[in-house]
Each structure stands twice: as C-alpha cells, then as structure tokens.
Amino acid sequence: MLSREDNELLCRVGRGTPMGELLRQYWLPCLPSTELPGPDGPPKKVRLLGEDLVAFRDTQGRVGLVAENCPHRGASLFFGRNEDCGLRCVYHGWKFDVTGRCVDMPNEPAESLFKDKVRARAYPCRDVNGVVWTYMGPRTEAPPFPAFEINTLPPEQVYPPLVMMEECNWVQALEGDIDSSHIDYVHAKLRADSKQRGTFHRDKQPRLELLPTDYGACYSARRRWDVDGLFWHRITQFIMPFFSMIAASDPNVVSARAWVPLDDDHNLQIMMRGRLDRAVTDQEREQTRNPFAAWGGYLEPTSDPRTRHYTKANIHNDYLVDRRLAREELMIGIPFLVNLQDRAMTETMGPIYDRTQEHLGTTDAMVIYVRRRLIEAARALRDQGVAPANVDDASMCRVRPASVLLPEGDSWISATEKSRQSDAGVPIAWVPFAQ
Ligand code: FES
Ligand SMILES: [Fe+2]
C-alpha cells in the first residue's frame with residue numbers, strides 16, 4: 001500500500017515532477033526505427049513523458065526529436081517539410097535541424113541575426129539496433145549510452161522490437177514483470193495437455209528472495225520442481241528506471257523490456273531481443289511484425305501516437321475475451337500472446353491505480369521494493385541533486401536474468417553470480433518456460 005502522496009510521486013512523469021525529472025536523467029527508448037523509414041520522409045508525432053514532440057529523419061539519416069510547437073508562434077511541426085537537413089515549419093518557413101538550431105528564417109530581413117537566437121526544443125537521439133533512443137534531460141552533454149546487450153550485439157543478430165501500447169500508467173505495467181506469482185494464474189492453462197500456450201506448474205506458491213543492486217535489483221522466485229529435492233529459481237532483473245529482464249527461457253536469446261511512459265495514462269511496452277548465436281532470419285523478422293495477428297492484430301493508427309501499436313483486442317472490448325477458451329483451456333479467455341493477458345490485468349486497475357486500496361502479500365515483495373527504490377531515487381534527485389549510479393555508468397546494464405534448478409538449501413545468489421553478468425563468458429542459465 002502507498003499513501004496518496006507517494007502514489008502521485010511514483011506515477012506522474014510530466015516535466016517538473018520528481019519522477020518525471022528522474023526519468024529525464026536516462027536515455028529512453030521511444031520508437032521503433034521503422035517508424036522513420038528513410039531520409040526526408042514525413043515527420044511523426046511522438047508523445048513522451050507527457051510532452052508532444054515530432055520526430056523526423058533528416059537527409060543524412062539522423063533522427064531529430066523536437067517539440068511539436070514551432071518556437072516562432074507555435075504552429076505544429078507535424079506539417080513541417082522535411083528537406084535538406086532540417087524540418088521547415090510551413091507557417092512562415094522557419095527551419096530547424098536535428099539539434100534544434102534555426103538554420104533558416106526566410107521571412108525576416110537577410111541581415112537579421114534573430115535566427116541565431118532562436119532554438120527549437122530538441123532532444124538528442126540514437127538509432128541503435130532497430131530502436132530510437134532519446135535523452136530529454138538537463139545536461140548539455142548526454143550521459144553515456146546504456147550498454148545493454150541488445151544495444152551492443154551486431155544489428156543482424158537483433159530482432160525488430162515487439163511493441164504494444166497500454167492505456168494505463170507505466171508503473172502498474174512494469175510491476176507485472178516483477179511479480180512472479182501471476183505466471184501460475186493468468187498465464188496458466190487448465191490442463192497440462194492443452195494445445196494452448198500456457199504455464200502448468202505444480203508449485204504455485206513461489207518464495208521470493210531479493211538482491212538489491214547498484215542498478216536496481218534482482219530477485220528469485222523459488223518453486224518446488226517436479227523432481228523431488230530440486231527447486232526452480234526464476235531470477236528476474238529490474239534496471240532503473242523502467243527496464244525488466246524476465247527469467248531466461250532460451251539458451252541463445254538476451255532481452256530487455258522497457259515500459260516507456262508516453263504520459264501519465266499511457267505506456268509503450270518495447271520488448272528488445274537479440275540472439276547470441278546467429279543472425280535473425282528474414283522469416284523470423286517477418287514473424288515479429290504482427291505478434292498479435294492470431295487475436296486481431298493491430299488497429300490502423302491515426303497520427304496520434306497513442307493509436308500506434310494499439311491492438312484490436314483492448315480494454316474497450318474486454319480484449320475479445322472468449323469464455324469457451326476460459327472454460328476449457330486457459331485461466332483467462334485471452335491467448336498468451338506477448339503481454340496481452342498481463343495488459344488485461346494491469347489496464348483494468350484503472351489509468352492510475354489507487355494504491356491506497358491494495359493489500360500486499362509476501363509474493364509482492366519485489367513490487368514493494370522497486371516502488372520504494374524509485375520513490376527514493378526521485379526524492380534524492382529532487383532534494384540532493386543526486387542521480388542514480390547507473391545514469392553515468394553505462395556498463396551497469398550488462399546483466400542477464402537467469403533460471404536454474406538447484407538442490408534445496410543451495411544459494412541462487414552464488415550459483416548464478418556469473419550467469420547474471422553479460423561479460424562473464426558463461427552460457428545463459430535457462431529453463432524452458434511456457435509450452
Ligand atoms: S509558427 Fe513556425 S514559422 Fe511561424
Ligand atoms: Fe506475465
């Protein structure tokens with residue numbers, strides 16, 4: 001349970017709010033590179049941390065992200081002409097490059113120096129392995145770019161990101177990934193031999209053990225395994241401010257999932273995955289294009305960024321719930337496709353869940369810790385001007401989740417010490433997950 005005041009502090013992301021300022025310390029993934037397919041293409045509206053922005057790819061392929069309202073008199077740069085290394089506002093012709101510099105002001109006298117005094121608000125961008133990242137913070141020199149494995153693998157080994165819009169606050173969506181106990185319920189199938197994808201575990205009472213770290217925390221959810229005497233530890237990482245890496249279930253795939261706040265009521269889930277062993281095939285790339293195809297796919301977007309990556313199955317139609325499926329096959333009548341089942345749980349809490357109303361148990365230990373960590377970090381920044389350690393140390397992202405079977409009494413912390421580090425030179429510690 002949180003007080004109303006702490007809940008507000010935790011969830012609100014606008015400029016000037018404590019959490020909004022904490023998030024602005026970090027490089028943030030914000031959109032798949034494919035949304036800006038080529039140089040000088042049409043600009044795209046972007047919404048991020050409550051700010052309305054416009055993204056464009058200039059003649060040299062660089063990505064620009066500028067405030068939507070032109071600094072002259074506020075017309076929308078969404079209509080801007082993307083030409084010759086800059087975005088030209090169509091109202092009076094002022095033109096801005098990717099750094100926000102005004103490079104042309106054709107309606108003012110040629111001798112005027114006014115152009116040198118005007119800047120559009122612009123955020124630096126990096127386009128890495130299929131995802132555009134941006135830094136919206138106060139520093140003139142952006143902090144080092146996060147060295148997640150998905151960012152440092154050769155591009156051909158990285159899948160296109162899986163992306164899903166959610167109509168709720170980012171924290172309750174993120175909390176779903178650090179809440180192991182739900183996998184035995186909302187993701188479960190009713191029979192082990194069901195053809196539907198789902199979990200089917202004997203022990204549905206995980207014991208959680210947390211390990212706070214300098215970049216966030218990881219935890220093990222321990223369950224009794226089907227072989228007596230063995231225990232299954234699912235070890236999930238939380239990396240400040242909103243990255244999760246759920247327990248490994250593939251010997252060759254590394255991942256990072258981001259829960260990116262568009263504003264207080266919308267978040268974009270960006271799932272980034274890469275292979276350690278080989279290039280991703282064209283067929284595999286094609287398969288990632290519409291991960292929800294089996295359940296209606298995505299709806300056609302408008303120019304509003306909140307309509308992109310928005311699935312046909314959504315809160316307004318109860319996610320197309322199929323009660324027969326729920327009666328005969330699955331815990332919930334929605335298939336296990338990416339995080340659709342999770343979303344049906346987290347969105348229906350309300351746009352911003354009122355955490356004064358909840359009742360937390362032992363299996364919520366990681367949720368409790370992560371909230372406290374985020375709130376403390378936001379307060380430390382506000383009150384002492386201190387940013388979390390992983391803002392300036394990009395190598396702290398070089399971690400992996402793990403999944404291991406251990407005899408009773410063995411410490412998962414020592415058993416997985418190496419496999420939780422990207423650069424320790426050991427294989428991924430993994431156990432198959434849902435069938
Ligand atoms: S409002 Fe953009 S140039 Fe005038
Ligand atoms: Fe889940």
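Predicted model: local features only at pLDDT ≥ 70, side-chain atom pairs only at ≥ 80, totals over all residues.
Residues are numbered from 1 along each chain as its sequence is written, while chains are lettered from A and ligands numbered from 1 in the order in which they are written.

Let's begin with the whole chain. Its secondary structure comes to 10 helices and 18 strands; these are DSSP runs numbered from the N terminus, with helices being H or I of at least four residues and strands E of at least two. The radius of gyration is 23 Å, close to the 22 Å that the globule rule gives for 435 residues, so the chain is as compact as a globular protein of that length. That radius is taken over C-alpha atoms, and the rule is 2.2 Å times the number of residues to the power 0.38. Along the principal axes, the C-alpha atoms fill a box of roughly 85 × 50 × 45 Å. Of the 435 residues, 42% are buried, and here a residue is buried if 20 or more other C-beta atoms lie within 10 Å of its own, exposed if 12 or fewer, and partly exposed in between, with C-beta atoms placed from the backbone.

Now, the domains. The assignment gives domain 1 (27–135) and domain 2 (149–415); such bounds come from an automatic or database domain assignment. Their C-alpha centres lie 33 Å apart. The contact between them takes 16 residues from domain 1 and 20 residues from domain 2, where contact means C-beta atoms, placed from the backbone, within 7 Å. On the domain 1 side, the elements that give two or more residues are β1 and β2 (44–48).

So what does β1 do in its own sheet? Three strands form an open, antiparallel sheet in the order β1-β10-β9; strands pair if DSSP finds at least two bridges between them. β1 (27–32) and β9 (125–128) stand at the edges with a single partner strand each, so one side of each is left without a neighbour in the sheet.

β2 belongs to another open antiparallel sheet of three strands, in the order β2-β3-β4. Its edge strands are β2 and β4 (63–67), each pairing on one side only. Five bridges join β3 (residues 51–57) to β4, with Arg57 partnered by Val63.

β16 runs antiparallel to β17 (residues 266–275) over 10 bridges, and the two form a hairpin with two residues between them. Pro261 has Asn267 as its bridge partner in β17. Two bridges also join β16 to β15 (residues 243–245), again antiparallel, with Ser244 opposite Arg257.

Last stop, helix α1 (residues 4–11). Its buried residues are Asn7, Leu10 and Cys11. Thanks, everyone!

Notes
Contact = placed C-beta atoms within 7 Å.
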